Each structure stands twice: as C-alpha cells, then as structure tokens.
Amino acid sequence: MALTDRGRASAAASPGDYDDDDVATTAAAIDRLDLREVEVMWVDHQGHPRGKRIDAGSFLARARDGGFAFCNAALAWDIAGDVKAGLRHADWGTGFPDFFAIPDLRSLRQLPWRERTGHVASDLVDHHGRLVPAAPRSVLGGVVDRLAELAYRAEVGMEIEFHLLAQDGSPLSDGVQAYSLQVLNQLEPVFGDLIDGLRGFVELEGGNSEYGPGQCEVNLGHLDGLEAADQAARFKYATRELARRRDAIATFMAKPFGDQAGNSMHLHLSLWRDEEPAFRPDAGAENALMRRAVGGILQHLPGIVLYGAPTVNSYKRFEVGSFAPATATWGGDNRTVAIRSLIETPQASRIELRTGAADAQPYWAIASLLAAVIAGLEGDLDPGERGEGDLYAAGPRLARTLADGVAAARADRTVTEILGEDAVHDYLALAQAEWETFVGSVTDWDRERYLRSA
C-alpha cells in the first residue's frame with residue numbers, strides 16, 4: 001500500500017530540501033512496518049529500473065545529505081547496457097561523473113515480494129543539486145510544470161498489455177480469447193499471483209485476457225502525470241519479478257509473435273483546472289479546449305510516435321486491421337483510430353492515445369503526449385471533423401520503422417523545445433544507435449532468405 005499521502009511529487013528542490021511533514025511521515029512508516037531496507041529506483045531511457053538497496057536505518061539521513069550516487073553513464077546505455085557515444089549529458093568527454101538519486105518520499109511503497117522492504121521513485125540531480133535535464137523524470141516534471149503555467153493539471157490512466165510465457169518462450173495459454181475468464185483461469189496461478197502482488201504497489205483497476213495467446217492487460221488508476229509514470233514503471237518492474245517467482249516470463253515486447261496481436265500502452269488523458277474537469281462535454285461533443293488538445297496531438301503525432309515506440313520491434317504493431325493504429329487519425333469511440341475521443345461524464349471524458357507500445361519508457365511517453373497537448377493549447381489548433389467508420393485507409397501512415405520515427409521526432413521543433421533540446425538530443429541519439437545496431441546485424445531472416453539463393 002502507499003505509505004505516504006498522494007500528491008504531486010517532486011523530490012526536493014535541492015539535496016536534503018524535504019518537507020518536514022513528508023520526512024516525519026516516512027520515518028513513521030519505516031518504523032511502523034519495521035523496514036530493514038529501501039529500494040531507491042530511477043528509470044533509464046529504455047525504461048529499465050536502476051537503483052540501489054539502502055539500509056532503512058540510514059535511508060532518510062543519506063537522502064537528506066545529498067542522495068545516492070550513480071555513474072551518469074547510466075543515461076548513455078542502450079537496452080543491452082552498452083555505452084553509446086555522442087550524447088550531450090553523458091559522454092566520454094565529460095568523464096562520466098556521478099549524479100545523485102534524490103528519493104521522492106511521497107512515492108514510498110512496501111515492496112510486494114521481499115519482506116520488510118520499501119521502494120521509492122527518485123529524481124536525479126547533479127553535484128550542485130540541480131535536476132539532471134536529460135533524466136526522463138526531469139523531462140516529464142518540466143512538462144507538467146509548463147502545463148501548470150497554463151493553469152491545467154493532467155491526469156493519466158494507462159492500459160498496459162503483456163504476454164505471460166513459459167521459460168521456453170511459449171505462451172501460457174492457447175488461442176485468441178479476449179476478455180475470457182476461462183483463459184484467466186488457465187493462467188493461474190501466475191496471473192492471480194500477479195494481481196495479488198500488484199495490489200497496493202500500484203493503483204490497480206483490474207485485469208483481463210487479451211487478443212493473443214498468453215496475452216493479458218492491466219488497467220492502472222488515473223493519477224497526476226508524474227505519479228502515473230512512476231506507477232507504470234513500478235508496474236512493469238513488479239510484473240516481471242512476480243512472474244519470475246512463478247517460473248514464468250512476463251514480456252512487454254511490442255510484438256513478440258509475428259502472427260499475433262502486439263502489446264500496447266494506451267494513455268488516457270484528462271485535464272483539470274481548479275479541480276474541475278476541463279474536458280467537460282459541450283452539447284454531447286468535445287468542448288473547445290478538448291478540441292485544441294486533440295488538435296495538438298493530431299498535428300504532432302508523427303513527431304511523438306517515437307516516444308511511445310522506442311524499439312525496432314515497436315513498429316511491427318502498426319498493422320492495418322490489428323486493433324493497433326496504422327494512420328494519424330482521430331475519432332470517437334472507434335478502435336481504428338490513433339486518437340480516441342471518449343465523451344462520457346464530465347469527470348470521465350478523456351483523450352486516449354493508442355500509438356504507444358508496451359515497451360515504451362513511461363516518462364517519455366507521457367511527457368511527449370503532454371507536450372503535444374501544450375502545443376495544441378498554445379497554438380489554438382483544431383483537429384477538423386471526427387473520423388467515422390473504418391479509418392485504417394484514412395490519414396497519413398504512421399512511421400513504419402524506428403528510423404522513420406527518429407526522423408519525424410527530430411523534425412518536430414515545437415515538441416523538442418517543450419521537452420528540452422539536450423534531453424531530446426540524447427534520447428534520439430540512443431534510438432538512432434539502436435537502429436544502426438539492427439541494420440548492421442545479420443539475422444536468421446537474412447540467412448534463410450539469401451544464403452542459398454543470393
């Protein structure tokens with residue numbers, strides 16, 4: 001369960017600059033739960049949870065006295081952990097100095113699978129106590145602050161899909177039976193242990209079987225933007241570990257099986273002003289503000305696809321007739337579009353962005369969505385008429401490859417400015433390096449196709 005009060009989190013303006021009430025609440029929670037250690041987590045550009053296990057007795061004192069040191073090369077690693085050159089924040093020319101994880105005390109949770117252990121999300125700061133601008137949580141925090149300057153607060157709910165596999169890589173259930181309670185029973189005890197373990201560690205609305213063998217989906221509760229990203233990172237971390245403890249594999253790979261459905265990370269966004277829903281419907285349709293938000297997402301969709309589709313494999317989801325989007329379109333309650341406008345009660349009306357893959361880094365995915373919304377609000381953009389019917393043949397095609405995604409993100413100067421020039425440079429450099437690694441690889445497909453015929 002959450003050990004501290006909810007609230008928009010920023011760890012500390014400078015090392016040790018914590019609110020006294022948060023410190024007291026955290027100290028009381030550590031004592032009440034008899035914690036022996038605390039996991040201090042932050043998330044790299046690929047979404048991998050990094051951190052250290054800290055003795056609970058010294059945790060608060062060390063957090064207030066500068067935080068926990070890490071080599072900043074960790075923000076220059078690719079998905080395999082190899083350092084890539086050419087980044088601005090961390091490169092050989094910088095000497096790879098330390099940065100410091102400053103825990104967000106309000107994010108403290110009890111770890112589900114190890115007794116007497118807490119878990120916190122963290123910001124990264126440099127030797128002067130300044131937020132590391134290239135760190136994904138810093139990027140999202142900056143975008144949240146810019147939205148606040150427009151007098152709005154974002155809430156984000158996430159649907160995340162994944163496959164449950166045996167150790168040999170085969171699915172734990174057969175057939176395509178979305179929403180099947182029988183399939184969920186076949187996935188026991190793994191699925192049940194996942195749900196039980198996740199309760200309290202994340203705000204869990206529910207889970208179901210999805211559109212492929214061994215495929216599941218979990219719906220996470222709607223939270224402020226930064227909290228939603230923290231929650232998604234915790235969810236993916238916990239799901240992998242809870243499955244591992246049942247001798248199973250939980251994979252968030254976007255397209256693990258070529259002939260089956262891929263794994264998505266849909267983002268549901270609402271805006272709030274003075275704790276009132278800013279997307280309140282107007283005569284049963286989108287109000288002017290919501291139209292501007294949709295307009296921003298639609299216009300900047302080519303440039304933000306990359307932040308929700310960060311790997312070579314991500315782009316294999318974008319198939320016509322797959323329930324994943326393939327074109328830059330918007331509509332109402334229509335699953336052939338990339339942007340779904342859901343007009344319900346004032347509190348529940350929201351925008352769903354459907355381009356994200358489950359392998360996305362949640363901080364970057366949410367930050368880019370909010371950046372496009374900010375562009376729509378500031379630029380007074382309009383999306384035009386809602387699309388109707390089967391829209392797979394309408395609108396420009398989404399990026400087909402990681403290289404296309406990188407090029408489109410690089411061309412979108414508005415989103416780059418909102419996210420931060422240097423941070424985007426480093427993110428794109430890592431994505432470009434991933435593409436070049438792929439292009440330079442000789443695969444089984446190459447050999448099977450060309451070895452005897454070329």
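Trainee: How do you know that strand 1 and strand 6 pair?

Mentor: Keep in mind that this is a predicted model. Two strands pair if DSSP finds at least two bridges between them, and strand 1 (residues 37-43) has five bridges to strand 6, in the parallel sense. So the pair meets the cut-off. Within it, Val40 stands opposite Val120 of strand 6.

Trainee: What makes strand 5 and strand 6 a pair?

Mentor: Two bridges join strand 5 (residues 109-110) to strand 6, and the strands run antiparallel. At least two is what the rule asks for, so they count as paired. Gln110 stands opposite Gly118 there. The hairpin of these strands has six residues between them, and Arg116 takes a positive phi near 60 degrees.

Trainee: Which way does strand 4 run against strand 6?

Mentor: Antiparallel: strand 4 (residues 98-103) pairs with strand 6 over four bridges. Phe100 sits opposite Val125 in that pairing.

Trainee: Why is strand 6 called mostly covered?

Mentor: Buried means under 20% relative accessible area, and nine of the nine residues in strand 6 (residues 117-125) are buried. Thr117, His119, Ala121, Asp123 and Val125 point one way, while Gly118, Val120, Ser122 and Leu124 point the other way. In a regular strand, side chains alternate between the two faces of the sheet.

Trainee: Why is helix 6 described as largely enclosed?

Mentor: Because 17 of its 20 residues are buried, helix 6 is largely enclosed by the rest of the structure. From first C-alpha to last, helix 6 (residues 225-244) reaches 29 Å, close to the expected 28 Å.

Methods: Residues numbered from 1 in each chain as written. Predicted model: local features only at pLDDT ≥ 70, side-chain atom pairs only at ≥ 80, totals over all residues. Heavy atoms only, no water. Buried < 20%, exposed > 50% of the residue type's maximum accessible area, 1.4 Å probe, protein only. Expected span 1.5 Å × (residues − 1).
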